[in-house]
There are 2 protein chains.
Amino acid sequence: MFDLIASGNITSASGFSAGAVHAGIKSTDDLDLAILCSRVICKAAGVFTTNQIKSAPVVLSQRHIAKGRAQAIVVNSGCANACTGQQGLTDATGMANLAAAKLGIPPEQVVVASTGVIGVLLPMDRIRAAIPRIKLTDKGGHDFCRAIMTTDTRPKEIAVQVDSKGGRFTVGGVVKGAGMIHPNMATMLCFITTDAVVNADFLPAALHKAVDCSFNMVSIDGDTSPSDCVVLLANGLAGNKPVDFDDGDAFQEALNEVCTHLAKSIARDAEGATKLVEVTVEGAEDRVWARQAARAVASSSLVKAAIHGNDPNWGRFVAALGRSGARVRGERLDVYLNDICVMKQGSPSPFDKAGMISAMSSRDNVLIRLCLNLGDGRATAWGCDLSEEYVTINSAYTT
Amino acid sequence: MFDLIASGNITSASGFSAGAVHAGIKSTDDLDLAILCSRVICKAAGVFTTNQIKSAPVVLSQRHIAKGRAQAIVVNSGCANACTGQQGLTDATGMANLAAAKLGIPPEQVVVASTGVIGVLLPMDRIRAAIPRIKLTDKGGHDFCRAIMTTDTRPKEIAVQVDSKGGRFTVGGVVKGAGMIHPNMATMLCFITTDAVVNADFLPAALHKAVDCSFNMVSIDGDTSPSDCVVLLANGLAGNKPVDFDDGDAFQEALNEVCTHLAKSIARDAEGATKLVEVTVEGAEDRVWARQAARAVASSSLVKAAIHGNDPNWGRFVAALGRSGARVRGERLDVYLNDICVMKQGSPSPFDKAGMISAMSSRDNVLIRLCLNLGDGRATAWGCDLSEEYVTINSAYTT
């Protein structure tokens with residue numbers, strides 16, 4: 001139903017332009033301030049962190065997006081503007097005002113996002129000086145993507161083109177990840193654009209559905225950031241027949257693909273990670289338990305460390321499953337590692353250990369499958385290995 | 001109300017003897033099989049793992065201790081006998097039978113415990129050959145302690161002498177920790193002995209209370225082991241006036257001290273750890289939320305990595321608090337790191353960063369205090385830093 005667009009990103013959909021500059025918020029020379037803008041006002045939907053300590057940009061953006069409309073996004077990396085009290089909210093508002101003035105739109109149409117160190121005030125003088133320097137073009141999506149990176153090692157973006165019965169449209173997305181990733185209703189910064197004409201009620205419903213099976217199933221380290229947000233802008237310039245609940249399958253499928261691709265790329269590019277871990281739980285009593293079980297296994301530090309060392313220590317998968325809260329009956333449990341059975345009906349199943357280690361060493365992903373044989377609940381979660389490098393990165397983040 | 005006994009351990013209380021041998025279950029030459037026995041039958045209480053995947057020894061020991069009586073404990077390290085199906089239960093029963101035959105007591109009076117790799121069968125031939133070689137003496141507590149160690153770097157034991165109004169008695173305990181530590185209703189292997197005369201109903205109540213404020217407040221890595229157990233044997237040989245609910249304060253206090261000391265020693269000697277982290281939450285709406293919040297902060301990989309690097313990145317404490325589930329109001333929150341205020345009423349509080357880093361570097365513990373200013377709920381949790389060494393240890397545990 002959809003085709004991947006080569007080098008596609010958030011300016012692939014019609015009418016979106018973006019640009020970025022180095023404002024000096026990061027200590028490196030990298031891009032750290034970016035704007036995305038649509039030619040026309042968009043229907044907008046957002047999903048934000050469930051952390052009770054919300055960053056100032058999250059508080060402001062939730063307010064701005066409440067009416068389901070937005071036209072632009074301004075974002076910086078290097079400073080999260082979180083845990084910054086009243087001054088933080090003043091600064092986030094200032095950022096929206098500066099972007100709005102540059103773009104000639106009302107500040108309420110601007111979504112603001114910040115990522116980086118928590119507990120530090122934004123250098124507003126640098127942002128004020130840099131915003132006029134940003135040049136927006138319809139090829140600027142990739143620069144925007146680079147400007148939101150922190151400890152990410154590579155840009156993470158995608159766009160797909162959909163040929164639906166109602167007409168052709170494009171959905172593109174960009175995300176930053178790396179650390180403090182254990183989303184719950186949201187993830188780190190993710191921005192999605194589409195030129196599809198979409199019914200206003202359908203848009204947030206579709207976004208929640210897509211986030212639920214993608215970003216909410218990724219865990220890097222069990223920590224949920226106060227800055228998490230996913231924002232979807234739909235400017236309607238594709239001119240398709242409006243997508244709604246009764247014919248939304250093609251749009252939903254494309255949105256799920258964009259979100260799942262970006263979610264997996266977060267896990268693959270996690271801080272210090274060398275492997276993508278995919279945990280599938282089958283046969284749980286229901287889908288809710290399957291989700292919880294899959295996330296518990298994908299989040300376990302011991303599972304992650306074993307995978308880093310190519311150690312087929314499957315007992316740790318089972319231990320994590322057993323504490324996940326999902327109902328488990330040991331004597332019914334089958335466990336597969338890279339499609340090889342290691343536990344059958346609760347007892348160890350002999351396997352070629354040397355062969356398994358060698359196979360694990362040679363691939364950059366690991367598949368864990370846990371068959372509970374209790375019902376038909378099924379879910380997949382994504383995570384990564386835990387490396388010495390993760391600790392090194394995170395033990396001196398502000399020093 | 002109590003005095004620490006120099007070099008005290010689980011054979012410090014009257015009438016307890018212990019011994020250990022190297023049976024060849026571990027690949028090293030270390031002690032790996034031990035027995036503890038009381039001269040007379042004991043009142044016994046146990047707290048076991050809440051992991052739904054329970055090791056065979058846990059299943060058997062829960063059955064044996066159900067009537068509140070036991071006389072001996074047989075334990076091995078190097079193999080957890082968990083995820084081993086029906087054969088595992090047969091082997092655990094065999095271990096109890098072998099110990100019972102040696103000691104001349106009924107097998108139902110023997111508690112069995114195993115710790116080590118999950119998903120591997122016990123080498124029963126080695127255990128059968130080794131049990132007769134164990135020599136039990138009233139100085140054997142320390143050897144018993146060494147025999148239950150896995151990745152622990154030092155033995156963890158304590159004994160206190162209590163002079164209560166009802167008479168004098170002793171409480172001693174031993175524990176192993178190191179990894180897969182995030183107890184929930186229990187912890188890794190812990191054995192406590194006392195010669196106090198204790199009312200049968202009071203004993204399990206006192207043990208649950210002590211475990212609740214000690215082992216259940218420790219987290220090393222968020223994983224709950226299928227082998228967790230705390231077993232308390234009271235042989236009544238001290239001849240004191242029976243301890244009961246109305247006069248149990250001195251006993252409870254001594255038991256809390258033994259459990260808290262052992263719990264903190266688990267955190268201090270965690271896999272790869274260099275620092276003890278103590279997280280106190282004050283002013284929560286109630287004690288339940290305070291406990292949950294304190295454990296969430298102490299368990300956060302990002303908090304732990306920052307502490308490892310002596311990085312006063314306090315935003316991570318607040319992020320973990322915000323996702324803990326406990327109610328938090330950002331604008332009321334005060335945060336202290338090693339008693340220095342870093343956040344006041346939700347805004348950053350300036351502090352001498354270089355001085356803080358230097359102070360953090362020079363001490364082997366870190367105190368985090370979060371004042372929620374919402375009520376009078378208070379709790380303390382213990383954890384450790386996350387080091388590259390933890391990953392190294394756990395990435396090649398079975399290879």
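How many residues of domain 1 of chain A are in contact with residues of domain 2 of chain A? In this predicted model, twelve residues of domain 1 of chain A contact 14 residues of domain 2 of chain A. On the domain 1 side of this contact, five residues are nonpolar, five are polar and two are charged. Domain 1 of chain A spans residues 2–268, and domain 2 of chain A spans residues 276–394. The centres of the two domains, taken over C-alpha atoms, are separated by 32 Å.

The secondary structure of chain A consists of eleven helices and 15 strands. The radius of gyration of chain A is 22 Å, close to the 21 Å given by the globule rule for 399 residues, so the chain is as compact as a globular protein of that length. Along the principal axes, the C-alpha atoms of chain A fill a box of roughly 65 × 55 × 35 Å. Of the 399 residues of chain A, 63% count as buried. Among the contacts in chain A with a separation of 6 or more, 81% are between residues 24 or more positions apart.

One part of chain A can be followed in detail from strand to strand. Strand E4 of chain A covers residues 69–79, and strand E5 of chain A covers residues 110–117. The two strands pair in the parallel sense over eight bridges. One bridge links A:Gly78 with A:Gly116, the latter in E5(A). Between E4(A) and E5(A) the chain passes through helix H2 of chain A, residues 85–103, and this β-α-β crossover is right-handed. Strand E5 of chain A is mostly covered, with seven of its eight residues buried.

The loop between E4 and H2 of chain A holds A:Cys83. The phi of A:Cys83 is near 60°, a positive value in a residue other than glycine. Most residues other than glycine have a negative phi. A:Cys83 counts as buried because 30 C-beta neighbours lie inside 10 Å, where the cut-off for a buried residue is 20 or more.

A positive phi is also found at A:Asn373, where the value is near 55°. A:Asn373 is placed in the loop between strand E14 (365–371) and strand E15 (377–384) of chain A. With 14 other C-beta atoms within 10 Å, A:Asn373 is partly exposed, whereas A:Cys83 is buried.

Terms used. Residues numbered from 1 in each chain as written. Chains lettered and ligands numbered in written order. Predicted model: local features only at pLDDT ≥ 70, side-chain atom pairs only at ≥ 80, totals over all residues. Helix = DSSP H or I, 4+ residues; strand = E, 2+ residues; numbered from the N terminus. Rg over C-alpha atoms; globule rule 2.2 N^0.38 Å. Buried ≥ 20, exposed ≤ 12 C-beta atoms within 10 Å, placed from the backbone. Contact = placed C-beta atoms within 7 Å. Domains from an automatic or database assignment. Nonpolar A, V, L, I, M, F, W, Y, C, P; charged D, E, K, R; others polar. Pairing = 2+ DSSP bridges. Right-handed = clockwise from strand over helix to strand, strands pointing away.
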